[in-house]
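Hi,

Here's the structure I promised to pass on.

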Amino acid sequence: MAEAVITRQGLRWTHIDFLQRILPTLLMFAGFAFYEPAVASTSNLWNIALQTSYLALFTLGQVVVLLTAGLDLSIGLTVSYASVVSALAMMQFSDEPGLAVLVFIATSVGVGVLIGGFNGFFVAVLDINPFVVTLASFNILLALSSTITDGFPVSGFPPLLGSALVNSAVAGIPIPIVIIGVLFAATAVLLNRSVFGRSLYLIGSNRRMAFAAGINVRLHLLGAYILCSSLAAVGAALLTARAGSGEPNIGGSLALETIAAAVIGGARLRGGEGGVLSALAGALFVTVLSNGMNLARIDGYVQQLCIGAIIVLSLIADRLSHRTSRTS
Amino acid sequence: MSLAEPSLPRRAFTTRLNGFLANGGIVLLLILLIAVVTAIIQPRFLNQQNILNVLRNTAILSIISMGQMLVMIVGGFDLSVGVIVAFASIETALVMSALLQWMPEMQFLAVVLAVAIALASGAAIGMVNGVLVARLSLSPFMVTLAMSSVIAGATFYVTKGIPVYGMPEFFTHGVGRSFLLGVPTVVVVGLLVVLTTIAVQRLTRFGRHVYAVGSNPVASRQSGIPVDAVLVATYAISGLTAAITGILLTARIGSGQSTLGGTFVLESIAAAVVGGVSLLGGSGRAERVLLGALFLSLVSNSMNLMRIDSKFQTLVLGAVLLAALCFELLLRGRRKYG
């Protein structure tokens, strides 16, 4: 798949791959809808679309670092930290709502760039294992975001924020979905059509070769981590605006959810594989699964068990299908 | 570990110093430094009770880190150790209280059976991890992550998060709070586990196979090492050591708890990393991981004594982890390219 995206013909391959990956989700959705008709109601469909787009945005960030053979365990806490800090920054400008909203967005993205730069510095420049680097930044951010406000949410947002980032719509489509859609399109162009994006794939598949080919591996890796955290930070701004307060717990288990979604969607932890469509397919799968289980009133703990089992099953199925296609 | 550098007579001292620092000396120095500084600022540090506490925590952490270390040497991670601790805790308590109701006069047998069952299921969970990693060559990260989700879901579903009581005093006092030869039983068990791991690493064929598989799985397979069996065995041992930790904690707390063990994933990996286990696989020694565990327990004890907010302690843990890696890098000057 890594090579497949390069050529025109390859692009078609990724579409077939995407359809293959979306099929189980559709079957699952049909099953849930049969069991509980509320799953297929219009309001729930919009709900699924909205939840999928948030998760897909975070997963997209994760995919960008996964395809360089890295990963970002700190993505959830990046979201939490950006949420709290941007909310605090906005409260300083509560007299001028317009300026406050701009400050809010700029702070959130700025926090994302800084965290991405921090992770990227250790991973790319110092060449330390991304697992441990992001595990460490996970802990650092956990301490910061839970102590900065003593764990309390930051509330009292100007109403303008809600009308700008939550409730408005473009051609009937909610603004968060529009923003995320634009980011997806931009990232798709970046990954598939730009030298930077193609270099990331090469670095992920074969770092030595990328180095030998004259690619500045460190700079590209740094860029990948900054891109990942910035996408997460934009998502943090959208989620914070929706929640109406800066929440230190908003990121929760996002690291594991995004990695699971990315892998279900076709990205690989060893790098070089995956793209925007894997983020979308994986996020849709995870959202439909948890939404369906919620509406079917399945016990939360059983849900957790099911998600783990389904991840393992999808990995096994993926591995087996790859095996057969390789031998045939 | 690090290759012996050619020792020119002139540079002998610095070379030897470098070697000492790179091979765990720095951790040893830091341990001494923290101990001295803490003892000066907070003389309570030297209380017998506090010292025993540090030793107990070190023992518990080093047991679970032994399994984590072996898995890291073969080039993986075990993210499921935390939930195995909780699982073993619940299982021990449930089985023990059930057996006691059934045969109230045979306390000893009930304890032995419950412990044996918990150990066996810990190893079995590890084995499933190992089989998925070895036979299907799935990513250890994803496998143990998904396994955590499954086990945690099952543990919480069974208990609804409520602690399980009903264990005999013979177990809670006899194992959790007793002393053997003047040393807490937990510390004795910890020492036994560490010494066994050292012996396995240095003296047995399996120990050498673990290093070989971690350094180069393909070459290992070609030279006739049963790579899959070694992988399954290391994951099973990791599950086993996690279960031992769970049982010891259960005995100490006096109830089975589904919330135990949450921080052990991070702490065991941190202990291994501070103990010089390479993240690329192929190297790592039990005695240095023990030092890593002692270091982490000491840092957290010292922060507790100085009344540092527990939320800030995770920040220090994260910073320590990064500092350890940077320092290792600095000493070895390892560069993959460029």
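Between the chains, 37 residues of chain A are in contact with 38 residues of chain B, where contact means C-beta atoms, placed from the backbone, within 7 Å. On the chain A side, the elements giving two or more residues are helices H5 (130-147), H9 (207-212), H11 (254-264) and H13 (300-327). H5(A) gives the most, with 13 residues. By class, that side of chain A splits into 26 nonpolar, seven polar and four charged residues. For the classes, Ala, Val, Leu, Ile, Met, Phe, Trp, Tyr, Cys and Pro are nonpolar, Asp, Glu, Lys and Arg are charged, and the others, Gly among them, are polar.

Before you dig in, a caveat: this is a predicted model, so local features need pLDDT of at least 70 and side-chain atom pairs count only at pLDDT 80 or more, while totals for chains, interfaces and linings use all residues. Residues are numbered from 1 along each chain as its sequence is written, and chains are lettered from A and ligands numbered from 1 in the order in which they are written.

The chains themselves: chain A has 13 helices and four strands, and chain B has 13 helices and two strands. These are DSSP runs numbered from the N terminus (helices H or I, at least four residues; strands E, at least two). Chain A has a radius of gyration of 20 Å, close to the 20 Å the globule rule gives for 328 residues, so it is as compact as a globular protein of that length. Buried means 20 or more other C-beta atoms within 10 Å of the residue's own, with C-beta atoms placed from the backbone; 12 or fewer is exposed, and in between is partly exposed.

H11(A) turns up again inside its own chain. Eleven of its eleven residues are buried, so H11(A) is largely enclosed by the rest of the structure. It packs against H2(A) (residues 42-66) at about 75°, with the axes 8 Å apart. The axes are lines fitted to C-alpha atoms over the stretch in contact, with angles from 0 to 180 degrees between N-to-C directions. That makes the two helices roughly perpendicular, the label for 65 to 115 degrees. Their contact has eight nonpolar, three polar and one charged residues. Just after H11(A), A:Gly266 takes a positive phi of about 115°.

Then there's the largest nonpolar core, with 200 residues, in which B:Ile84, B:Met96, B:Val273 and B:Leu321 touch the most other members. A core here is a set of buried Ala, Val, Leu, Ile, Met, Phe, Trp, Tyr and Cys residues joined through C-beta atoms within 7 Å. Leaving aside neighbours within four places in sequence, B:Val273 is in contact with A:Val132, B:Leu321, B:Ala324 and B:Leu325.

B:Gly24 counts as buried because it has 20 C-beta neighbours inside 10 Å. Not counting residues up to four places away in sequence, B:Gly24 touches B:Gly276, B:Arg288 and B:Leu291.

Cheers

Terms used:
Contact = placed C-beta atoms within 7 Å. Parallel < 35°, antiparallel > 145°, perpendicular 65-115°, else oblique. Rg over C-alpha atoms; globule rule 2.2 N^0.38 Å.
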